[in-house]
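Please look at the sequence and the structure below before reading on.

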Amino acid sequence: MVENRPFLSFLTHLVLIVGVLIVVFPVYLAFIASTHGPTDFMSGLVPLLPGDQMMANYGYLLGSGESTAGAPPFTLMLLNSLWMALLIAFGKIAISILSAFAIVYFRFPLRTAAFWVIFMTLMLPIEVRILPTYKVVADLGLLNSYSGLVIPVIASATATFLFRQFFLTVPEELMEAARVDGAGPMKFFRDILLPLSRTNIAALFIIMFIYGWNQYLWPMLITTEPHYYTVVMGIKRLANVLDGDNQWNLVMTGVILAGLPPVLVIIFMQRLFVKGLVETEK
Amino acid sequence: MIKKLVLTAAAVALSATTSLAATEVTWWHAMGGELGKKLEEVAQKFNESQSEYKVVPVFKGTYPETLTAAIAAFRAGQQPAIVQVFEVGTGTMMAAKGAVYPVYQVMKDAGEPWDTKGFLAPVTGYYSDAEGNILSMPFNSSTPIMYYNKDVFKKAGLDPEVAPKTWAELATMGKKIVDSGAATCGFTLSYAATWVGLENYSAIQDLPFGTLQNGFGGTKTEFTFNGPNQAKFWDSLKKAQDDKVFKYGGPGGAAESAPMFYSQQCAVYMGSSASRAGVINNAKGFEVGFAPMPYDDTVTKEPKNSIIGGATLWTLNGQKDKNVYKGVAKFFTYLSKPEVQADWHQFTGYLPITNAAYELGQSQGYYEKNPGSDIAIKQIMRGTPSDNSKGVRFGNLTQIRDLVDQQFEAVLSGKKTGQQALDEAAKQGNAILREFEAANSN
Amino acid sequence: MQTKRTVFQARLLPYALLAPQLIITMIFFVWPALQAVYQSFLREDPFGLSAKFVWFQNYTRLIGDASYLNSLSVTFVFAVGVTAVSMTVSLLFAVCVNRALKSGRFYTTMLVWPYALAPAASGLLWWFMFNPSVGLIPYVLNLVGYDWNHRLHEGDAMILIIIAASWKQISYNFLFFVAGLQSVPHSLTEAAAIDGAGPVKRFWTVVFPLLSPTAFFLAVINITYAMFDTLPIIDAVTSGGPSQSTNILVYKVYADGFIGLSLGPSAAQSVVLMLIVVLLTVVQFRWVERKVQY
């Protein structure tokens, strides 16, 4: 920091600690629930301390997988979700960064129109276009396939929008210097823009990975084969007991297990959060 | 040379039989957790019992998600053979004549014997057309019953073996419980404004819910549930709430109601008979009593049967391989067997569809060993069903139930009287019915 | 709309770069969206067996529908509430984390983690926490004399969904604010400090303007999020009630279309919803983006 102000540092840490406690409390609650039996949650005040069922619950879910009744074992669902999350994250970032580059660094007819068409993908909720989208996917023969699961999902505008914002802040001098050096647009993109975008790519990767990881509705709709099951589908299936006896504790166990790989991604991606990138390039 | 020929012939013959894989019958359903496991077991046992057909169950999410998936699939030519649809979707399915292959027709076309005399009329009647033909296969049907806290009853000085028989008795007992401090609330209801509190209330008291036999007679039906008795009933619930005897647990399935019962805040809970296992498991530290739904003795002295909820199995048209439908027929025959029915009913708490299954359970001593598990059956077989107690059939029932819930909430918050709320609900509901009628008569 | 002063000269390259996203968008978004729009002019049964063209009937009915107008105002309150709460809180956290160099990574992980929690679960958790019978929050509130019941009190319900929706969004915003703060050059903040500016002044005069592209991005995304992605939370916690007090527009679309299977009216509602959001976004690009410093 620029100067040493202990009071401010203290305040900073205080805010953060309180913030973390509040923000993480629901997650803590989920963890507590996963260590109890199925009925501990309904018969009085929700318990705040861990119970003694942790090994039983986690073992049950990770073990045979028969807990999800016909769905593949939990570990297999985790792998499936991992694959989907990676495909979606990489796919989205790749096509969006190229599109943003085109929109910001070139002038061509239909430029604004292209931006708005891409942008509009944010504006119509999936629930409404789900029937027609299903038909398109079915007509293309993409039901029960990774292509069908991934491609319709990667066209969203969030990443394009973010990259656009970022590219607009990149100083013009960098680009002019590149041109003076005789570098073409793709060289500029590869050697200068991409490294600069590292922080944003990392942030987006986290978000997109989590988004792909938590996919539920779309896979549920277009797949009928159990080996495309995602982990959230499995959790929902545990919870979907209609009139019967809800096994909250197992649901929460599933939720915690499902929440662990994204945490690893978050930790790992933070390595790319490097400070002061712009000025070191000067 | 001859040997070679024989071997080749044998090989050809063998490959011909092994290439005759079982015809797949896809079955989309909405049952997760333990119920889903049991469902898959049922399918598996059927598959093991013969080799021509293979029922493939696929979990498709909640009831609305499963129905939407089936519709999306139908529109794209990818529909399953069987789909489990909740009772609220009956109107929609019945109106979709081109999409639905009625069960009685499936059985007839496949040449499967289909004796419906042994079926429990209140269960199958809900899903039959005006001529009594069964259109969909009942699978998991339930009816609301009353669960009560015997320990709290004792603490309040009430006989724990005697449950209130009428709504008036419930109110008095509830007040006694609250006054004595044994609990902070007398009773709570799931589906307070719809399935339990209006549809079943009307059926049991033999009051009409809608014209044309509660909608069985066609899409031109109109609502008549805004009668004076139902209005009085809603007002009495408001009064009970003010007296702290009744606590509202939310719209629809009332997610907050059951916890209130389990945590012993409320002494009485009314909900699906299929919740029995869950209720017993979650009722920690107190004994649960089971009783039929109370009736309103100011309206009738002879309560009728209650009506069902749950889901049924519908068959969809358009399978490319017509053999699939033979498989469906064989599967439905299998499902109707007393042993299969009794097993499913006893495990899940859903109602059996045949008398034979009920009798089998009796001979097994199941109901003696599990007191209260036959209340639901007895309740639906009580009396002779009238036009008002065969069930309800309305298109867009989910939306209609939503707006009825909202009107009920207005009564509870004191904004409207019971009559005003019901009148408004009927008015808005009729608009939706007209829309449904129009959309299905193009 | 903003653009660079100098651009590359190329004829076909931009189209090639845009092609993947545009093609996918066309096939999997525009085409189905057009079909959904077409559906809004129809009256048909759910299975699509018969349909009748009814012109603007589905739209005109919205104008007279009291519950739809109620939805509009509820959505406005909700969207503003969620955006305001989540952006301010997340900015505060991001600034703090930026200061706390050593433990920054730990805090960041903890604060982003909630976003990873499946929407399936977070709805359930909020339901548990605020459950009038077994929930912790109502218990605590009861101790100070407030009877919390979001099933009956409309105010409680709105507060609950704003908190639940903001919670998730705080993680999201926080992450991007942190990323944005990384690109604020040290030299600038140091120069300002040397000039005698205190930390608060430094923030508003130096840091925030440089953060404005990110802030603008987040403002647009947050409002869109509040309008669309909050569906699972409302479904799990209030189902649009009590008495429609939390029945935001997208929930109404979902309830009417997905659950109620009234495809025509629900499509009409979603077209209107889309137009509202487009309008909001255009307004933001027009007026708010002027203040953004690139």
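In chain A, 71% of the contacts with a separation of 6 or more are between residues 24 or more positions apart. Two residues are in contact if their C-beta atoms, placed from the backbone, lie within 7 Å. This is a predicted model, in which local features need pLDDT of at least 70 and side-chain atom pairs count only at pLDDT 80 or more, while totals for chains, interfaces and linings use all residues. Residues are numbered from 1 along each chain as its sequence is written, and chains are lettered from A and ligands numbered from 1 in the order in which they are written.

Chain A has 14 helices and zero strands. Helices (H or I, at least four residues) and strands (E, at least two) are DSSP runs, numbered from the N terminus. Of the 282 residues in chain A, 54% are buried. A residue is buried if 20 or more other C-beta atoms lie within 10 Å of its own, exposed if 12 or fewer, and partly exposed in between, with C-beta atoms placed from the backbone.

Contacts between chain A and chain C involve 89 residues of chain A and 92 residues of chain C. Helix H1 (residues 6–34) of chain A gives the most to the side of chain A that touches chain C, namely 14 residues. That side of chain A has 60 nonpolar, 20 polar and nine charged residues. Here Ala, Val, Leu, Ile, Met, Phe, Trp, Tyr, Cys and Pro count as nonpolar, Asp, Glu, Lys and Arg as charged, and the others, Gly among them, as polar.

Two packed helices are described by the angle between their axes and the distance between the axes. The axes of H1(A) and helix H4 (residues 104–116) of chain C come within 8 Å and cross at roughly 35°. Axes are lines fitted to C-alpha atoms, for helices over the stretch in contact, and angles run from 0 to 180 degrees between N-to-C directions. On the H1(A) side the contact includes A:Leu16, A:Val20 and A:Val27, and on the H4(C) side it includes C:Tyr107, C:Met110 and C:Trp113. The residues of this contact divide into eleven nonpolar, one polar and no charged.

**Chain B**

Chain B is divided into domain 1 (22–142 + 309–369) and domain 2 (144–306 + 396–439), with bounds that come from an automatic or database domain assignment. The centres of domain 1 and domain 2 of chain B, taken over C-alpha atoms, are separated by 29 Å. Ten residues of domain 1 of chain B are in contact with 13 residues of domain 2 of chain B. The domain 1 side of this contact has five nonpolar, five polar and no charged residues.

Chain B also touches chain C, and this contact takes 35 residues from chain B and 29 residues from chain C. H19(B) supplies the largest share of the chain B side, seven residues. By class, that side divides into 15 nonpolar, 15 polar and five charged residues.

Within helix H15 (residues 338–348) of chain B, the buried residues are B:Gln341, B:Ala342, B:Trp344, B:His345 and B:Thr348. They pack against helix H2 (33–49), strand S4 (137–142) and helix H16 (355–363) of chain B. After H15(B) comes B:Gly349, whose phi is positive, near 90°.

**The nonpolar core**

The largest nonpolar core has 324 residues, and A:Phe101, A:Phe205, A:Ile206, C:Ile161, C:Leu175 and C:Val250 have the most contacts inside it. A nonpolar core is a set of buried Ala, Val, Leu, Ile, Met, Phe, Trp, Tyr and Cys residues joined through C-beta atoms within 7 Å. Leaving aside neighbours within four places in sequence, C:Leu175 is in contact with A:Ala203, A:Ile206, A:Ile207 and C:Val112. C:Val250 lies in helix H11 (residues 249–259) of chain C. C:Val250 counts as buried because 24 C-beta neighbours lie inside 10 Å.

Most residues other than glycine have a negative phi, and most peptide bonds are trans.
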